[in-house]
Every structure is written in structure tokens, then in C-alpha cells.
Amino acid sequence: MQLIALRAYVRLTYDLRACCHQPVTFSRAESAPLLSGRRALVTGGAGGIGAAVAARFAELGATGTILDIPGGPRDGIPQGWQVADVDVRDEDSVAAGVRAAVAAHGGLDAVVAAAGVVPTWQRTAALDLTDFARVLDINVLGVAATVKHTAPLLGEGATFTVVASLNSWRGDPNIASYVASKHAALGIVRSASLALGPAGVRVNAVGPGPIATGALVGRMSARRDETGLTVDEALDAAAKATALGRIATVAEVVEAIVFLTAPMSSGITGQLLNVDCGIL
Ligand SMILES: NC(=O)c1ccc[n+]([C@@H]2O[C@H](COP(=O)([O-])OP(=O)(O)OC[C@H]3O[C@@H](n4cnc5c(N)ncnc54)[C@H](O)[C@@H]3O)[C@@H](O)[C@H]2O)c1
């Protein structure tokens with residue numbers, strides 16, 4: 001009886017394997033760079049983590065397009081990449097940026113939504129709701145517009161990765177709008193992974209802890225009156241709060257995004273991959 005049940009289980013497993021998507025191997029010669037032939041789109045790719053993603057993707061053989069706020073800095077755009085002036089709050093502007101990416105590279109295989117803002121500290125009783133809406137507009141509706149306009153272009157093996165945050169799972173008394181926005185971004189990731197999974201498209205998020213980008217250092221400096229901490233002291237306190245006793249680097253966040261984009265993570269979708277040196 002047990003043997004019959006085992007045979008039925010094996011046959012069912014085999015049938016499921018036959019009918020579902022098999023692990024994806026993006027065509028790449030063994031010696032070719034990891035992201036060779038991939039056509040990327042990176043929102044917020046002109047600065048901070050997004051710029052480091054674009055640079056690393058280019059090193060690994062991807063071509064691509066950066067969508068970033070009009071009038072922002074344009075230094076360090078990788079060779080062969082282009083920038084489209086896009087405010088992710090403006091859906092028409094996102095749609096135009098996606099069209100420009102497709103016109104330049106013929107399609108899209110790897111999207112990274114890194115555009116985002118962190119508000120100034122506000123206590124609960126002093127929440128500025130206009131600013132709250134601005135943060136949601138960029139960090140939530142910006143991601144929603146990006147997935148909406150890229151999803152129809154993504155096929156088997158393509159990926160969409162959101163730069164979410166430690167605050168996608170943890171609260172913070174001083175930045176409720178940011179916490180709400182990053183929880184919502186994870187909700188978009190989980191929902192889109194279910195919607196796009198049948199087409200073989202994977203959707204994931206990375207959850208960086210504090211990363212010493214210019215943006216974070218600037219915020220720490222601006223908060224000195226409230227915290228009583230210099231930037232170095234604030235970074236030291238953040239380091240002491242992790243299992244590894246240090247904060248993660250931009251490069252470590254970028255490598256996690258590379259991993260989620262490359263075929264070696266082909267069984268992973270709908271996940272938040274924390275890159276925080278162990279904030280538990
Ligand atoms: N630095 C950290 O400690 C940290 C930690 C966790 C998560 N994050 C997330 O990482 C992402 C990048 O942050 P960062 O530290 O590199 O910040 P950053 O300010 O250095 O870079 C953000 C980029 O997004 C662009 N951008 C902002 N608003 C935009 C808009 N409306 N439309 C298009 N582009 C826009 C900016 O011009 C900039 O190039 C954000 O989503 C942020 O929430 C950062």
C-alpha cells in the first residue's frame with residue numbers, strides 16, 4: 001500500500017515538473033560575464049545605490065537605461081547606457097522612459113526600482129501629511145508605475161527587483177511615512193510575483209539596513225541637534241546594532257541585487273532579501 005502511495009507521489013511530482021516552468025538558464029556562454037545580453041532599466045540610477053547597480057550591471061555585461069529625476073546629476077553613467085529624465089511620481093513620464101529603454105535596447109529583461117526618498121524625522125503627533133503623501137507617491141506609486149509599465153515587456157527569465165528596506169518589516173517611531181511606504185513596496189513585490197510568475201518573471205526585493213550613502217550621511221548630519229551624535233557616532237551606533245558589528249556596504253546591496261537578477265536565483269520570487277549585517 002505504502003509502495004503504491006509512493007509511486008503515485010513520484011508520478012505526481014514528475015507531472016508537476018513537466019507542466020510548470022523549469023529552472024531558467026539565460027543563454028550565456030560559460031566564460032561570458034554574468035549579465036551578458038541582459039537589457040536593464042534602473043530607476044533612481046543616477047545616484048546612490050541605483051547608480052552603483054547600473055555600474056555593476058554594466059561591468060557584468062548588461063546594457064541599460066536609467067530613469068532619474070530631471071535636473072539631477074548625470075556623472076558616472078556607464079558607457080553604452082542612457083538616461084531618461086523621469087519623475088517616477090508621474091506615470092506618463094515613467095511610460096515614456098520605458099518606451100525610450102525599449103527603443104534603445106530592443107526590450108527589457110532586468111528592472112531595478114531603486115528611486116526612493118527618506119523623509120526628515122517627525123514624531124507621530126507632528127506628522128506632516130503633505131510630506132507623508134509625497135513619500136508614498138515616490139516610494140509606492142513610483143514602484144507601482146514602474147512595474148505596471150514594464151510588466152508587459154518582461155518574459156521568461158526576466159526579473160524585477162525593488163530596493164525596499166529594513167523598514168519593509170520593522171517600524172521606526174520617527175519615519176512612519178517611510179515605514180508605511182516600504183511595507184507597501186513589499187506588498188507590491190509579493191502581489192506582482194504572483195501575477196507575473198506564470199510568465200516566468202521573478203519579482204523580489206532587497207532590504208538594506210543603514211547604508212552609508214551620501215543621502216544617509218546627509219540625514220545623520222542634519223539630525224545632529226536631535227540625536228546629539230556626530231555622523232561618525234551615529235554610524236558607530238548603527239554598526240553596534242548588527243550581528244556582524246558593522247553596517248552593510250553599497251557593494252553588498254548591489255551584489256544581492258545581482259544575485260536576484262541572475263539565473264542562479266531562479267527558484268526565488270516574492271521574497272525580501274535583507275542585506276543588513278544582521279538586524280534581528
Ligand atoms: N541608504 C540607505 O541607508 C538605505 C537603506 C535602505 C533602503 N534604501 C533605499 O535605497 C534606495 C536608494 O537610496 P539611496 O540611499 O541610494 O538614496 P539617494 O538619494 O542617494 O539615491 C536615490 C536616487 O533616486 C532618485 N530619485 C528620487 N526621487 C525620484 C523620483 N521622484 N523620480 C525618479 N528618481 C528619483 C534620486 O535622484 C537619486 O538618484 C531608496 O529606495 C531608499 O529608500 C536606502
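**Helix 5 and its surroundings**

A: In this predicted model, the buried residues of helix 5 are Ser177, Tyr178, Val179, Ser181, Lys182, Ala185, Leu186, Ile188, Val189, Ala192 and Leu196. The helix covers residues 176–196, a run of 21 residues. From its first C-alpha to its last it reaches 30 Å, close to the 30 Å expected at 1.5 Å a residue. The packing partners of its buried residues are helix 4, strand 5 (159–163), strand 6 (202–208) and strand 7 (272–275).

Next, the core. The largest nonpolar core has 67 residues, and those touching the most other members are Val53, Val112, Ala185, Val206, Val253 and Ile257. Helix 5 gives this core its largest share, eight residues. Both domain 1 (34–209 + 249–275) and domain 2 (212–247) contribute residues to the core, so it lies between them. In soluble globular proteins, nonpolar side chains tend to be buried together. Leaving aside residues up to four places away in sequence, Ile257 touches Val53, Val112, Thr161 and Val206.

Of its 280 residues, 39% are buried. Among contacts with a separation of 6 or more, 71% join residues 24 or more positions apart.

The ligand is surrounded by 30 residues, of which Gly44, Gly47, Gly48, Gly116 and Ala215 are the closest. At least two residues of this shell come from each of helix 2 (48–59), helix 4 (129–150) and helix 6 (214–222). The shell comprises 16 nonpolar, 11 polar and three charged residues. Domain 1 (34–209 + 249–275) and domain 2 (212–247) each provide at least three residues of the shell.

Arg99 is found in helix 3 (residues 91–105). Arg99 is partly exposed, because 13 other C-beta atoms lie within 10 Å, while a buried residue needs 20 or more. The C-alpha atoms of Arg99 and Thr150 are separated by 9.3 Å, although the two residues are 51 residues apart along the chain.

Notes:
Residues are numbered from 1 along each chain as its sequence is written. This is a predicted model: local features need pLDDT of at least 70, side-chain atom pairs count only at pLDDT 80 or more; totals for chains, interfaces and linings use all residues. A residue is near a molecule or strand if its C-beta atom, placed from the backbone, lies within 6 Å of it. Helices (H or I, at least four residues) and strands (E, at least two) are DSSP runs, numbered from the N terminus. Ala, Val, Leu, Ile, Met, Phe, Trp, Tyr, Cys and Pro count as nonpolar, Asp, Glu, Lys and Arg as charged, and the others, Gly among them, as polar. Domain bounds come from an automatic or database domain assignment. A residue is buried if 20 or more other C-beta atoms lie within 10 Å of its own, exposed if 12 or fewer, and partly exposed in between; C-beta atoms are placed from the backbone. Two residues are in contact if their C-beta atoms, placed from the backbone, lie within 7 Å. The expected span of a helix is 1.5 Å times one less than its number of residues. A nonpolar core is a set of buried Ala, Val, Leu, Ile, Met, Phe, Trp, Tyr and Cys residues joined through C-beta atoms within 7 Å.
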